[in-house]
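Subject: Structure handover and notes

Dear colleague,

Here is the structure I promised to pass on to you. Please open it alongside the notes below.

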Amino acid sequence: RGAAYESADVEDSVYGDGKVADEAVRRLFKAKETPDQPFFLAVGFLKPHLPFCAPKKYWDMHDRAEFPLAEQREPPANAPGYAPQFGGELRNYEGIPPGNNPLDDPLTRRLIHGYYAATSYMDAQLGRVLDELDRLGLAENTIIVLWGDHGYHFGDHGTWTKHTNYEQANRIPLVVIAPGVTRPGTSTGQLAETVDLYPTLAELAGLPKPTGPLPVDGTSLVPVLKNPAARVRDHAYHCFPRGDLGRAIRTERYRLVEWKKPGAPADTAQIELYDYATDTVESRNLAAEQPAIVAQLRTILARHPEARPPLRP
């Protein structure tokens with residue numbers, strides 16, 4: 001139950017991500033010494049994960065009074081009561097109201113401030129690594145991918161942190177630089193999954209398409225990197241359990257979440273449906289109002305095998 005945030009007047013390398021950047025720079029220098037040997041470097045920054053600890057100068061970059069608060073602070077209307085969560089890991093920190101008690105606006109702004117400070121701190125460490133890549137003359141022949149493992153709730157739906165099947169928790173940053181393939185400043189509306197990174201990197205590196213012994217999930221995004229208007233998949237899939245398993249698909253317009261026990265009949269499921277063309281903040285579950293769209297999206301969801309039911313002793 002330590003503090004959820006910290007602003008210490010210290011150098012970047014006092015905190016962990018600064019040390020990670022130091023080591024990444026050192027290893028890039030070693031890679032430069034063997035120019036004929038390809039290298040792969042995975043640089044894992046922790047921030048902006050809780051606790052929001054960052055040197056004071058990164059807190060000073062932001063004015064917490066300017067942060068907008070969530071527009072939708074209640075769970076979506078007509079959604080299953082168990083679909084959201086109301087604090088998760090955040091409730092384990094000192095100074096955070098326990099249980100499902102709401103956070104007041106000053107505390108909310110303080111936490112958002114901490115998240116921005118931690119993100120700015122991480123961004124500076126990433127910048128140090130990329131600057132070294134440039135300085136060593138390696139940038140023109142190096143593929144770079146920046147990605148995160150989950151999104152983050154800041155009081156929207158009354159929810160904090162992650163652990164939901166909603167947009168804020170499941171949308172992640174994904175930036176790819178591939179010299180000779182990608183064009184600077186371009187972006188795409190193509191939906192992607194993190195399992196797409198492995199086949200994408202293999203193709204970019206000129207390696208054979210990944211194979212088993214077990215099936216390898218993921219679709220190469222190289223056609224989209226060459227042409228942002230190209231499409232290689234019509235949805236992204238994700239899931240998170242909350243008693244029942246919440247399996248979900250996200251198309252360019254909709255998200256459908258199916259809640260049921262693995263192996264149970266389809267008609268036992270509870271369904272959520274959100275239309276991002278008309279409701280970007282997921283204020284209302286539309287499943288009961290749009291059965292045709294639900295049927296169409298459940299057909300897509302059925303392409304994915306259900307999780308295996310628990311084994312009985």
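Two strands are said to pair if DSSP finds at least two bridges between them, and the helices (H or I, at least four residues) and strands (E, at least two) named here are DSSP runs, numbered from the N terminus. Please keep in mind that this is a predicted model, in which local features need pLDDT of at least 70 and side-chain atom pairs count only at pLDDT 80 or more, while totals for chains, interfaces and linings use all residues. Residues are numbered from 1 along each chain as its sequence is written, and side-chain values use heavy atoms, with hydrogens and water left out.

To begin with the sheet, four strands form an open sheet in the order β7-β8-β9-β10, with antiparallel pairing. Its edge strands, each pairing on one side only, are β7 (236-242) and β10 (270-275). On average, and with direction ignored, neighbouring strands of this sheet are turned by 15° against each other, where axes are lines fitted to C-alpha atoms, for helices over the stretch in contact, and angles run from 0 to 180 degrees between N-to-C directions. Seven bridges join β7 to the antiparallel strand β8 (residues 244-250), and alanine 236 has arginine 250 of β8 as its bridge partner. Helix α7 (residues 291-301) lies across β7, β8, β9 (254-260) and β10, and runs at about 75° to β9.

Arginine 250 also lies over the face of tyrosine 276, at 3.9 Å from the ring centre; a charge sits over a ring if NZ of Lys or CZ of Arg is within 6 Å of the ring centre and within 35 degrees of the ring normal.

The aromatic side chains come next. Rings of Phe, Tyr and Trp (its six-membered ring) pair if their centres lie within 6.5 Å, and planes under 30 degrees apart count as stacked, over 60 as edge-to-face and the rest as tilted. By this rule there are 12 aromatic pairs. One of them is the tilted pair of phenylalanine 67 and tyrosine 116, with 4.5 Å centre to centre and 40° between the planes. This pair links distant parts of the chain, 49 residues apart, since phenylalanine 67 is in the loop between α2 (56-59) and α3 (105-135), and tyrosine 116 is in helix α3. Phenylalanine 67 counts as buried at 8% relative accessibility, whereas tyrosine 116, at 38%, counts as partly exposed; buried means under 20% relative accessible area, exposed over 50%, and partly exposed in between (1.4 Å probe, protein chains only). Ring pairs also link Phe52, Tyr115, Tyr152, Phe154 and Trp160 into a cluster.

Some backbone details deserve a look. The peptide bond from lysine 47 to proline 48 is cis, with omega near 15°, and the bond from leucine 50 to proline 51 is likewise cis, with omega near -10°. Proline 48 is placed in the loop between α1 (16-32) and β2 (52-55). Histidine 157, although not a glycine, has a positive phi near 60°; histidine 157 lies in the loop between β4 (153-154) and β5 (160-161) and is buried, with a relative accessible area of 1%. Threonine 161, in strand β5, is not a glycine either and has a positive phi of about 65°, and its relative accessible area of 0% makes it buried.

Finally, with a disulfide taken as a pair of cysteine sulfur atoms within 2.5 Å, the count comes to zero disulfides.

Best regards

Key:
Contact = heavy atoms within 4.5 Å.
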